[in-house]
Amino acid sequence: MRYLLLLSCMPSLACAQQAVTVFGVADTYVAQVRADGLAAANRADASGLLASRIGLRGREDLGGGLAANFLLEAGLNSDDGSQADGNRLFNRQAWAGLSGPWGELRLGRQNTPQFYMNGKFDAFTSGTYASGWNNLFGAPPRADNAVGLFSPSMGGVRLQALLARGATGGAAPLDEAAANRNLHLAAEYEGQGLYLGANWQTVRTAASGTVARRASAGGSYALAGAGASRGWTLYASAGRESRADGTQSTRLLQLSAQYRFSPQAALGFGWAGLHDKVDSRKLPGHGDARQLGLLYRYWLSSRTTLYGALAQLRQDQGRSSFALLGAAVVAPAAQVRSPLPGGDIRGAQAGILHTF
């Protein structure tokens with residue numbers, strides 16, 4: 001964390017150059033998780049609704065509509081001050097790029113197109129224990145050694161493509177020989193309270209020859225129109241994950257809604273269900289799963305939010321692989337999972353989030 005302390009000394013330089021911005025998120029919560037076969041786990045943790053982080057964002061105008069950009073973003077645990085990833089400092093993003101009227105090019109570690117869509121696919125912004133989409137869908141949030149292309153908005157439509165070597169889905173980076181070719185293609189539409197998105201990705205694992213494929217589509221619609229301070233917003237999404245070696249074949253459906261009582265308060269609730277098409281009698285550990293979730297948010301200001309969430313996750317047959325997660329990638333050792341085949345998990349959390 002000593003490197004992060006250096007970042008706190010840079011705002012004066014950033015303001016002088018008017019090209020670099022220091023930003024961050026501090027999100028800390030308390031929670032109780034009850035998993036079948038285990039005693040109740042009471043904990044304080046970080047990154048429930050948004051991932052805690054500190055970062056540097058820079059832009060230089062090169063003239064003629066061309067600009068140079070960079071982003072360095074380090075995850076942190078706001079409950080104890082430690083780095084979110086002990087293997088590297090800027091574990092969330094670290095890229096440089098160019099942008100212009102034609103769109104944007106990014107080179108380096110960056111978010112996948114699926115990650116950008118996740119927060120728009122359900123009423124829980126794909127965070128907190130409440131989000132079944134977040135808990136049941138295994139798409140990696142970031143990729144290393146990546147080339148990303150983003151088109152400009154064309155009538156509300158935006159296209160994205162990402163080609164990478166060395167994809168990673170957890171805290172520790174994977175060797176390039178383990179997951180060294182991945183491709184992501186996505187399209188989005190946004191306008192007049194309607195959002196639609198679709199994503200496809202494939203990851204070829206050289207070490208075993210396995211190819212993993214994921215596809216998703218979803219959207220939302222604000223009944224009162226975009227930016228309304230009151231009213232309903234409806235969400236729906238569907239996803240598919242499979243592996244060429246037959247060890248995975250799942251389908252996921254998510255339905256949720258949010259009602260905004262006022263500019264300060266909103267209540268979201270939803271359901272997500274996963275169907276596992278792999279026969280658990282032939283390959284143990286498989287089975288269906290489903291989740292109910294509830295999330296209340298109260299905005300004290302544009303930067304500070306209070307939130308509370310409830311979740312119930314049910315697993316069938318031999319399934320015991322899922323956990324209630326927050327907004328950040330959590331090391332497997334820190335996740336509370338039921339040790340029993342078909343074990344249920346119930347969780348409650350309350351937290352405070354501040355952005356700067």
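What share of the contacts in the chain with a separation of 6 or more is accounted for by residues 24 or more positions apart? The share is 58%, where a contact means heavy atoms within 4.5 Å.

1. Basis of the model. This is a predicted model, in which local features need pLDDT of at least 70, side-chain atom pairs count only at pLDDT 80 or more, and totals for chains, interfaces and linings use all residues. Residues are numbered from 1 along each chain as its sequence is written, and side-chain values use heavy atoms, with hydrogens and water left out.

2. Overall make-up. The chain has 4 helices and 18 strands. Both are DSSP runs numbered from the N terminus: helices are H or I with at least four residues, strands are E with at least two. Of the 356 residues, 46% are buried. Buried means under 20% relative accessible area, exposed means over 50%, and partly exposed is in between (1.4 Å probe, protein chains only). The accessible surface of the chain is about 16300 Å². Carbon and sulfur atoms hold 59% of that surface. Areas come from the Shrake-Rupley method with a 1.4 Å probe; for residues, only the protein chains shown count as cover.

3. Helix α3. This helix spans residues 113-121. Its buried residues include Pro113, Gln114, Met117, Asn118 and Phe121. They cover an arc of only 135° around the axis, so they sit on the same side of α3. The arc is taken from the directions from the helix axis to the C-beta atoms.

4. Thr128. This residue is in the loop between α3 and α4 (132-136). Thr128 is buried, at a relative accessible area of 0%. Leaving out residues up to four places away in sequence, Thr128 touches Gly48, Leu49, Asn134, Leu295, Tyr307, Ala309, Leu325, Gly326, Ala327 and Gln349.

5. Side chains of opposite charge can pair when their charged atoms come close. The rule used here asks for a side-chain nitrogen of Lys or Arg within 4 Å of a carboxyl oxygen of Asp or Glu. The count by this rule is 15 salt bridges. Glu73 pairs with Arg53, with the closest N and O atoms 3.1 Å apart. This pair links distant parts of the chain: Glu73 is in strand β4 (residues 66-75), Arg53 is in strand β3 (residues 53-63), and they are 20 residues apart. Both Glu73 and Arg53 are buried. Glu73 also forms a salt bridge with Arg92, at 3.6 Å between the closest N and O atoms. Arg92 lies in the loop between β4 and β5 (93-100) and Glu73 in strand β4, so this pair ties together parts that are 19 residues apart in sequence. Glu73 counts as buried because its relative accessibility is 3%. Arg92 counts as buried at 5%.

6. Other salt bridges. Arg281 and Asp279 meet through their side chains at 3.0 Å, N to O. Arg281 is exposed, with a relative accessible area of 74%. Asp279 is partly exposed, at 26% relative accessibility. Elsewhere, Asp85, Arg88, Arg109 and Asp144 are linked in a salt-bridge network.

7. Cavities. There are 2 cavities of 30 Å³ or more. On a 1 Å grid over the protein atoms alone, a cavity is a set of points where a 1.4 Å probe fits but cannot get out; lining residues have an atom within 4 Å of a point. Grid points are joined across faces, edges and corners, and a volume is the space filled by probe spheres set on the points. The largest cavity has a volume of about 100 Å³. It is lined by 14 residues, and the closest to its centre are Tyr29, Arg43, Asp45, Leu324 and Val330. The elements giving two or more residues to this lining are β1 (20-35) and β2 (41-46). Strand β2 gives the most, with 3 residues.

8. Gly64. This residue is in the loop between β3 and β4. Gly64 is exposed, with a relative accessible area of 81%. Gly64 and Gly100 are 36 residues apart in sequence and 8.3 Å apart in space, C-alpha to C-alpha.

9. Tyr221. This residue is in strand β12 (residues 210-222). Tyr221 is partly exposed, at a relative accessible area of 39%. Residues up to four places away in sequence aside, Tyr221 touches Gln192, Gly193, Leu194, Trp232, Thr233 and Leu234. Between Tyr221 and Gly191 there are 9.8 Å in space, C-alpha to C-alpha, and the two are 30 residues apart in sequence.

Notes
1 Å grid on protein atoms, 1.4 Å probe; cavity = no way out; pocket = protein on both sides within 12 Å on 5 of 7 lines; lining within 4 Å.
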